[in-house]
Amino acid sequence: MSSPSKRREMDLMKLMLSDYKVEMINDGMQEFYVEFHGPKESPYQGGLWRIRVELPDAYPYKSPSIGFVNKIYHPNVDEMSGSVCLDVINQTWSPMFDLVNVFEVFLPQLLLYPNPSDPLNGEAAALMMRDKTAYEQRVKEYCEKYAKPEDVGAAEEGKSTDEEELSEDDYASSDEEVVGKADP
Amino acid sequence: MMFRLVKKTLVLAPILLAISFRYPFTHPYVVLLALVLVLVLITTGFGHSLHYMLPRKRNSEGGLLLQQDLHHPDPPDNDHPSPPSSLPLVSQHSNNPSQGYDVPVSGGGGSSNPTAAVSAPMGLAGEPNPVDIDEDLHSRQLAVYGRETMRRLFASNVLVSGMQGLGAEIAKNLILAGVKSVTLHDEGVVELWDLSSNFIFSEDDVGKNRALVSKPKLQDLNNAVVVSSLTTKLAKEQLSNFQAVVFTDIDLEKAIEFDDFCHTHQPPISFIKAEIRGLFGSVFCDFGPEFTVIDVDGEDPHTGIIASISNDNPALVSCVDDERLEFQDGDLVVFSEVHGMTELNDGKPRRIKNARPYSFILEEDTSGYNTYERGGIVTQVKLPKVLKFKLLKDALKDPGDFLLSDFSKFDRPPLLHLAFQALDKFLRDFGRYPVAGSENDAQSLISIATVMNDRTGDAKLEDINPKLLRHFAFGSRAILNPMAAMFGGIVGQEVVKACSGKFHPLFQFFYFDSLESLPTEIEDLSDFRPLNSRYDAQISVFGSKLQRKLEDARVFLVGSGALGCEFLKNLALMGVSCGHQGKLTVTDDDVIEKSNLSRQFLFRDWNIGQAKSTVAALAAKSINPHLNVEALQNRVGPETENVFDDDFWEKLNSVVNALDNVNARLYVDQRCLYFQKPLLESGTLGAKCNTQMVIPHLTENYGASRDPPEKQAPMCTVHSFPHNIDHCLTWARSEFEGLLEKTPAEVNAYLSNPSDYTKLMIKAGDAQARDTLEHVLECLDRERCENIEDCIAWARLRFEDYFANRVKQLIYTFPENATTSTGAPFWSAPKRFPHPLQFSASDPAHLHFVMSASILRAETFGISVPDWVKDFGKLALAVDEIIVPDFKPKKDVKIVTDEKATSLSSASVDDEAVIHVLIARLEQCRKNLTPGFRMKPIQFEKDDDTNYHMDLIAALANMRARNYSIPEVDKLKAKFIAGRIIPAIATSTAMATGLVCLELYKVVDGRHRLEDYRNTFANLALPLFSMAEPVPPKVIKHRDMSWTVWDRWVIKNNPTLRELLKWLQEKGLNAYSISCGSCLLFNSMFPKHKERMEKKVVDIAREVARLEVPHYRRHVDVVVACEDEEDNDVDVPMVSVYFR
């Protein structure tokens, strides 16, 4: 394993090499956004989320903090803050894991196999346990409403206009994105 | 109030202890040593562990009337070098409980010898009954010992005989800990040599009796302890007045006589003999024929949450995989709350074996029991243990197993056992200590040792190591400060054990040496000659050359708390930075609080509120006026790099950390790494301590190995599924912050500038903004309080919401029989099924909640609190008036399961629209407020017992615990957990600093090899001492180059990005990412970064990373991530890019 100071760089690099759209704010490596597609064969298929990734000072010894920016209906995601209660991220993180694992494995697993017995969104958990069809229906409604490409773009604009104005810096991946206000 | 599973506005602050201490998890020796220790313990007294008696308590009637009725026998031939006692002085006072502490006795009572000079205990008038623990003063220590141990300590009278450096350190630690009385005994007078190790004496004291000089200064440390002095020869009968006696300067013959008396006394008196000679030390403990240890390790009993139990012989018990079990084979456990196999709930301790991370075997035939259904908690039972100590005279001949401290010196203890006896003989034969540098004296000692060794029969040593004995002889007269600090900690802890039965005593001999601390070069023997200075003792061991280096050292001490105070004392006594060239800089941004005083011994209660570093530096200067110390109040971090600038760092010789958190340690580590300065690191946690040496190019740096991050309870657990009191307390703290700090602050933010505030909220337009606004509106509208009755009503309704409605909603959403998609029960371990509370004004716990909540609510609204609120009778009447609406569960979940339902639940309603409605309502409310109305946000302050903060947090946590049938805790325990109070005691702190200063000799000498340095992990509770060579830095090789973390690469002439990449290319390195601080300067994946190719690296750093380069600095440092020709990552050093 490489020295901790290089891990951010290596992990970011690997993430981009794996074709994830990474969007940085003023080239800072502590906090950035990654686009994430709902996994196939799940009710989340077709959804697109902007995931906020924060690398703590102690990364990779401490787990990255992961949050959904646009809404998602999921038993283990806090509907309000988008925080993820994901065991492997919050509890059993090991410095051996990296960001590619988070996006290739942990998050898809979370969306494919929600764990309603450890709910952060109790309503979603209860619905999933009682009525899987209704639950999936609700998930899809949310995807329709909140997880379209324009939602991802809109969220971005709402968040960081000020910062962008301050810096004429390149916004590596935003060029080709649809920038426009989402219609809520 | 609407039920929510998630309290959304609050970012849960996990309860984390700021790690002040590093676990030795990388340390293979620890495991080994622990194993050896366990073996030793098993062989020494295991068979008796089941019969025990409580440690004796003795009433102290008769007090310490020491002189009376004692007829001193003619002193035995005493060739002790210290001058004979010329002043038959005794300080007397009665500490008869019937007289209490209220009367400062100034004549020692009528029975005292009228000729005796008396020094009365000072400042005792008006002190509270000593049995009442001053929990503000002792909170950090209480967190280690608990109340029961503290009470035992407060009832103990201790004798410390020999008031040179070691005696003073032991007495200091005991007085800080708060025993009932400490009697200081010394017949000799202060010598110049004492000033190398004794922090009490000054040059002016030379010639005065040591005990008399010590008494007033030690008394200052803690007025609740009776400190007295005794200056005449001790007769063994006098020892009856004490529960524990410590001798630091006693010949063997006398020691054997006293030990015999103590051992056979009824009840036995704990006897400790401790001796430090130069860089060698020894401790012997005899706590009597049958001594009961109540708590062998000080750890909380381990617990586990049961997942299943087999019907088998023996039975297999498995636990949930939430947390690893920490049981060990042979442990006894009890079961509770088991459903199904209820036979196990009988409270009977059962033995286990095959302890695994998530399961164990129970030695019981459960095949006939009921089948396990669910639930259950298994808890370790800690049993007392009885130790049978040997007499000193017997143990000398048959010492048994020595407690090892360093595996590279496994053959040392028997040798030192012999050496200390030989020295005793030398003293008797010659009437003086061997002279430092005298080969004749060394030879005499070696001869004595040889003769003694030849007589020992079977135990005869093959090699008596004359070289080591020579060093032993040379230094034997010297009491060194670091050794005194270290042994003061060890012995102080042993006394605490003797008085309380808490922690496992040292059984029975411990020997230690730090020979590696000696300078590497063989010194000219004349270098050891005394210079008639206060450092003569130290010079006799290290020579005057090293002494000068110490005095001229430029040292940075980071932190002036518990470790910092001890360090300042040590450095002052060692003469570090006491020369013309020397300078000690100490910095700490903290001010003194009451809870500091029980360890941070340079502070007194009149210093509370003053800056730690300033007070400590002044106190250190009074220990040694030559100390050149500057005290600063800056926190060390990136924001103070203008204070601690390049020039400051470059001038330093070494850095001593005295910090209490990992982040600051990591920062200082990075700075030391960058400026290539040695870093002496240490930390403590309760009875544990560790030290780590970071030496440029020799060792790895502090940050190279990391401790696992502390466990944090997952959010979902804290929100809805707590299963221990920590979860409840984490929740309570976050509720406290939300109700009393965050929301009032938001209210004020809104009222201060309504238009900006609402604009911001509209712009955010998300669920969080909406939630915040809802809370602000509640505060100003429905729940606004105008008088105390409103506050009480609010508190009562909070109770209903928290402990009834929310629980009702939760069990409505997830009924007890709910199952998950897989059919497994939803409410299975570790989740606990909650029950709502029914409020009752006759339940004091309920009223306590209402009282503390309404008082604090009133504070946020600036409403004064009438006294009747604190009267439960009257409060109950007021509470009964309040009308509490019935609860109706929120049925959203049901509604949407209806297929026809099309609307989304309220949670997913358009936030922006709601925000607009909320703002409109807020604007309405604002009009009804008196102009200038503001709320008062309350910040949690744990250390004020009268502010009701901890009352509310404990009440919140305990009511929640009651919901979930979790055992409740008292306010003190709640304070430890919720206040993140780090357990701390003076002994382990003192020991850590002593160990570090033994390393400082090596650092200042500067020529030691890796194998001469030592890192230590110690746990005084076990006791365990584990010292080992530091780990070397990782060496990275590439082509014909090799480097470590200590190296840096330099590129000059202000290169462009392209030039830098080319320069790396020439080394066979393909850089894909270059960063400065946390900013990317270049990443090959970003097309736009290619435009930066022709720019100067320094300009990119300035533009992108917004780096401001100080005018004097000629370079910027960048971190390069790169690959070699085979695409393997190569970890290259930091690159310094020079641009001017």
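Predicted model: local features only at pLDDT ≥ 70, side-chain atom pairs only at ≥ 80, totals over all residues.
Helices (H or I, at least four residues) and strands (E, at least two residues) are DSSP runs, numbered from the N terminus.

Residues are numbered from 1 along each chain as its sequence is written, chains are lettered from A and ligands numbered from 1 in the order in which they are written, and side-chain values use heavy atoms, leaving out hydrogens and water.

**The chain as a whole**

Chain B holds 29 helices and 31 strands. Of its 1140 residues, 60% are buried, where buried means under 20% relative accessible area, exposed means over 50%, and partly exposed lies in between (1.4 Å probe, protein chains only). Contact means heavy atoms within 4.5 Å. Among the contacts in chain B with a separation of 6 or more, 74% are between residues 24 or more positions apart.

Most residues other than glycine have a negative phi, and most peptide bonds are trans. Here are some places in chain B to look up:

| Residue | Backbone value | Loop in chain B |
|---|---|---|
| Pro267(B) | cis bond from Gln266(B), omega about -10° | between helix H5 (252-264) and strand E5 (270-277) |
| Pro1023(B) | cis bond from Leu1022(B), omega near -20° | between strand E22 (1015-1019) and strand E23 (1024-1028) |
| Asn532(B) | positive phi of about 60° | between strand E15 (509-513) and H11 |

Are Asn532(B) and Arg1039(B) buried or exposed? Asn532(B) is exposed, with a relative accessible area of 65%, and Arg1039(B) counts as exposed at 52%.

**Two buried residues in helices**

Gln547(B) sits in helix H11 (residues 536-551) and is buried, with a relative accessible area of 3%. Its side chain makes a polar contact of 2.7 Å with the side chain of Gln538(B). A polar contact is a pair of N or O atoms within 3.5 Å; within protein, one must be able to donate a hydrogen and the other to accept it, and residues adjacent in sequence count only if both atoms are side-chain atoms. Leaving aside residues up to four places away in sequence, Gln547(B) touches residues including Tyr535(B), Ile539(B) and Met574(B).

Asp441(B) belongs to helix H8 (residues 439-454) and counts as buried at 7% relative accessibility. Beyond four places away in sequence, the residues touched by Asp441(B) include Phe426(B), Arg432(B) and Tyr433(B).

**A pair of helices**

The axes of H21 (residues 844-860) and H22 (residues 872-880) of chain B come within 10 Å and cross at roughly 80°. Axes are lines fitted to C-alpha atoms, for helices over the stretch in contact, and angles run from 0 to 180 degrees between N-to-C directions. H21(B) and H22(B) are therefore roughly perpendicular to each other. Angles under 35 degrees count as roughly parallel, over 145 as roughly antiparallel, 65 to 115 as roughly perpendicular and the rest as oblique. Among the residues that meet are Leu847(B) and Met851(B) in H21(B), with Phe872(B) and Leu875(B) in H22(B).

**Cysteines**

How many disulfides does the structure hold? Over all chains there are zero disulfides, a disulfide being a pair of cysteine sulfur atoms within 2.5 Å. For Cys785(B), the nearest cysteine sulfur is that of Cys791(B), 4.0 Å away. Cys785(B) counts as buried at 5% relative accessibility.
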